[in-house]
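Reader: Hi! Could you walk me through this one? I'd like to start with the terms you use.

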Amino acid sequence: MSTVADNLSTTPTEAFVEQPQNFGLGDVPSPAQYDNTTNVVCGYCSTGCGLNVHLKNSQAIGLSPTQDYPVNLGMACPKGWEALTPLYSNDRATKPLLRNANGKLEAVDWDMAMQVFTLRLKAIQDKNGKDSVAWLGTGQIVTEEMAYLGALAKFGMGIVHGDSNTRQCMATSAVAYKQSFGFDAPPYTYKDFEESDVLIFIGSNLCIAHPILWQRVLRNPHQPEIVVIDPRKTETAMGATQHYAIQPKSDLTFLYGIAKLLIENGWIDPSYISEHTNAYEAFVAFVQPFSSQMVAAASGISAERLLQLARLIGEGKRVSFWWTMGVNQGHESTRTAQAIINLALMTGNMGRPGTGANSVTGQCNAMGSRLFSNTSNLLGGRDFLNAADREQVARILHLDPALIPDQNSWTYDQIVSGIENDKIKGLWIIATNSSHSWIHQNDFNKLLQKLDFLVVQDIYHTTETAQHADLFLPAAAWGEKEGTFINSERRFGLVKRVSKSPGEALSDFNIFKLIGHYWGCAHLFSHWTSPERVFQILKELSRGQPCDFSGIEDYRAIDEAGGIQWPFTESSKFEVQSLKFEEASAQDNLKPQTSNFKLRQERRLFEDGKFFHTDGKARFIFEQPRPMPEPPCQQFPFVLMTGRGTSAQWHTQTRTGKSEILRRLYPANIYVELNPADAERLQIGPNDRVQISSRRGRVEAYAFITYTIQSGQAFIPMHYPAVNRLTFPAFDPYSRQPSYKACAVDISRLDRKPKPRS
Ligand SMILES: Nc1nc2c(c(=O)[nH]1)N[C@H]1C(S)=C(S)[C@@H](COP(=O)(O)OP(=O)(O)OC[C@H]3O[C@@H](n4cnc5c(=O)[nH]c(N)nc54)[C@H](O)[C@@H]3O)O[C@H]1N2
Ligand SMILES: Nc1nc2c(c(=O)[nH]1)N[C@H]1C(S)=C(S)[C@@H](COP(=O)(O)OP(=O)(O)OC[C@H]3O[C@@H](n4cnc5c(=O)[nH]c(N)nc54)[C@H](O)[C@@H]3O)O[C@H]1N2
Ligand code: SF4
Ligand SMILES: [Mo]
């Protein structure tokens, strides 16, 4: 019997595709081996590198970093070089799976899967109310798919509560920017890495997490001071000119102390402050109590070094501030991000080359999810609570405004609490591996058992979360579908279909389309026929918003330009035509005459000093620091931090774990970093088995004894499945982002036999 799935025009029905040839890291096929090459944007991190994929008979057979792509200039990290390998893993999901009467997941066809999806979730909604079904999405599918999911779920299926893993990652930056600038708008361009004379990295391990951006730093010709503020002496700290090893979660106090020193010494820009900001006087009064003695006691950084840093900022001509998860994942993270923004504003380090208060995003499309996932804000950075916004969206989408919820969605943690309180009975998880990555994992995985129905949509059927599914939907991966990602510098990049998806796996786009059909709401999305058609709809949704990209004609335009940064309005389109084939600057190695890309332009925001608040000014926002929610104590004397381990590991390892080449680049087994003094006191030797316990769980790991971590602190990479057994579920009150980087643990030796770490 033919089903709707069979009739979807792009449904791949080919049998499982074998990897044609095994090209490894650095092995680029020779031109004789391929018949075509096309540029696609990498599907891992938010750097958004361009990769030249080499094709034979329209099937990818290898790749190499794109020489003239303006982001990576011919470079890629190990994950990028190995991006094709995970597509051919033999645990790729090839068929929908349904849990049978014996509790086993069993292959079914799409028709059956869709009937069950619809029947079960509708039955839950009928019994418990529409808001008893929720979804958890991702920053790792294309913008067009995210928007489809958000629109389908909220406007078509009547789901009120939906959030995504971007909550774990970028929620703090989004809220901080919105409050300070009036819109969620990272202001920089990557060129700023090369144009600063002082770069300050706060809670960012760029070398590991954004290796190609670190390469951009190394291209800086101004002999810059590079400052790293991180409790650990990370790879980035080792490459820096100055390292401030602050105590975990003392950042807010530390940054206020720096602000006070800048004021005291006149290292500020009074005209910038008066023309472009609000609330400065109140801020000056607020930071008065943050004396260097007090800040030194809280942060562990001496008064002299505080002054040294303040002087560097004050005397720098082009100072840029960069932050990532060491800031965003904290109990007072929004105010901490804003304390960084305050430093940039008060010193006038904004809107000029080499400046800015710059949050580096995480996932390939975290920025897309911030603007278009329809979760924490209405499509295009609008407000669900604002009737005019709802009407505007309804008009653009040809929908009845009554279909658009007039309330905000619950955040990820509130959805999890909703399961606990029996408010959420059905959950649909798309492209995130919550059972591994959510904070306080034991609790989360227990709660999943309470659900009446759990749907998991992933490219692998083996993920920790998929193991809990009642229904599993097999998705096509990056490289097997098309659409756009938005990178850290707001650049749209193109993803293309360069490989066939295995078995009956469908693109997430086509899965959403299919669901709309079975749910009975496909008529609402009759214009949403293809990713590129949805791109045109998103353009209309962006028009007039700060993220306006209505001037980008189509996918071809993005492809030809080498990516295009928002904003890009209709009028920028005309301005830019005269810039086409613009000469590359002297320090730029790119040769325009050999470049495939016709648009070479780097744009930063706020060059005119105008922010997105109605008065055009940015705001100083500040608040008293609060103590760490779970400080170390006698029973649990260590502060445990977690984060990225190596450039070869990605998150929960569902993808990177499939590459033998990448597996050789990191320890196979979970390890904990410990300071030699602590190790000696606890009689722990290198590679000894140790137990790490918190109030919530216990983990066994190998000891990695290193001076890069301070005494009283420990670090475990997030890539090993057990790590979130330990973490403490504290959240920033404004962004609801989890505080993954500070909980109290105890560490003890398990046995004496040293074992190899890999
Ligand atoms: N290889 C690789 N690259 C990735 C990813 C990956 O999984 N693997 N993930 C991507 C994603 S989604 C993200 S969000 C980014 C994350 O990128 P980063 O934020 O750079 O990575 P993390 O290691 O999570 O955290 C950064 C640093 O914060 C420090 N830190 C911990 N506590 C504190 C504190 O209280 N104060 C300060 N100042 N620092 C602190 C840690 O020691 C750590 O070195 O990486 C992206 N890139
Ligand atoms: N302890 C601790 N925990 C953390 C962090 C930390 O620093 N410490 N960091 C947090 C951060 S910043 C982040 S971003 C999260 C990341 O946490 P997760 O989102 O859970 O991590 P991933 O492993 O990237 O999961 C993505 C899932 O999507 C699947 N997938 C990939 N591509 C596609 C696709 O195209 N379609 C579909 N349907 N599925 C796809 C992958 O197989 C994988 O199962 O982890 C958070 N958790
Ligand atoms: S730095 Fe990020 S975008 Fe670039 S190749 Fe590596 S994972 Fe891909
Ligand atoms: Mo992230």
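Author: Happy to. Helices (H or I, at least four residues) and strands (E, at least two) are DSSP runs, numbered from the N terminus. This is a predicted model, where local features need pLDDT of at least 70, side-chain atom pairs count only at pLDDT 80 or more, and totals for chains, interfaces and linings use all residues. Residues are numbered from 1 along each chain as its sequence is written, chains are lettered from A and ligands numbered from 1 in the order in which they are written, and side-chain values use heavy atoms, with hydrogens and water left out.

Reader: Thanks! Where does F606 lie?

Author: F606 is in the loop between helix 25 and strand 20 (618-619). Its phi is positive, about 65°, although F606 is not a glycine. Most residues other than glycine have a negative phi, and most peptide bonds are trans.

Reader: And which residues does a cis peptide bond join?

Author: W566 and P567, with omega about 0°. P567 is in the loop between strand 19 (564-565) and helix 25 (570-577).

Reader: Switching topic: what domains is the protein divided into?

Author: Domain 1 (97-168 + 365-542), domain 2 (171-360), domain 3 (569-602) and domain 4 (638-749). The bounds come from an automatic or database domain assignment. Between the C-alpha centres of domain 1 and domain 3 the distance is 37 Å.

Reader: On to the ligands. How many residues surround ligand 1?

Author: There are 32, and the closest are A209, D230, K249, D251 and Q649. A residue counts as near if one of its heavy atoms lies within 4 Å of the molecule. The shell around ligand 1 takes at least three residues from each of domain 2 and domain 4. Helix 7 (206-209), helix 15 (325-328) and strand 21 (638-643) each supply at least two residues of that shell.

Reader: Which polar contacts does ligand 1 have?

Author: Counting pairs of N or O atoms within 3.5 Å, an oxygen atom of ligand 1 is 2.7 Å from a backbone N or O atom of K249, and an oxygen atom of ligand 1 is 2.8 Å from a polar backbone atom of N205. A nitrogen atom of ligand 1 is 3.2 Å from an N or O atom in the K79 side chain. Taken alone, ligand 1 exposes 910 Å², and the protein buries 100% of that; the areas come from the Shrake-Rupley method with a 1.4 Å probe.

Reader: What about side-chain contacts to ligand 2?

Author: Oxygen atoms of ligand 2 are involved: one is 2.7 Å from an N or O atom in the S437 side chain, a polar side-chain atom of H651 lies 2.9 Å from an oxygen atom, and for a polar side-chain atom of T652 the distance is 2.6 Å. The protein covers 99% of the 920 Å² of accessible area that ligand 2 has on its own.

Reader: Last one: which residues are around ligand 3?

Author: They are C42, Y44, C45, T47, G48, C49, A76, C77, K79, G80 and I212.

How values were computed
A polar contact is a pair of N or O atoms within 3.5 Å; within protein, one must be able to donate a hydrogen and the other to accept it, and residues adjacent in sequence count only if both atoms are side-chain atoms.
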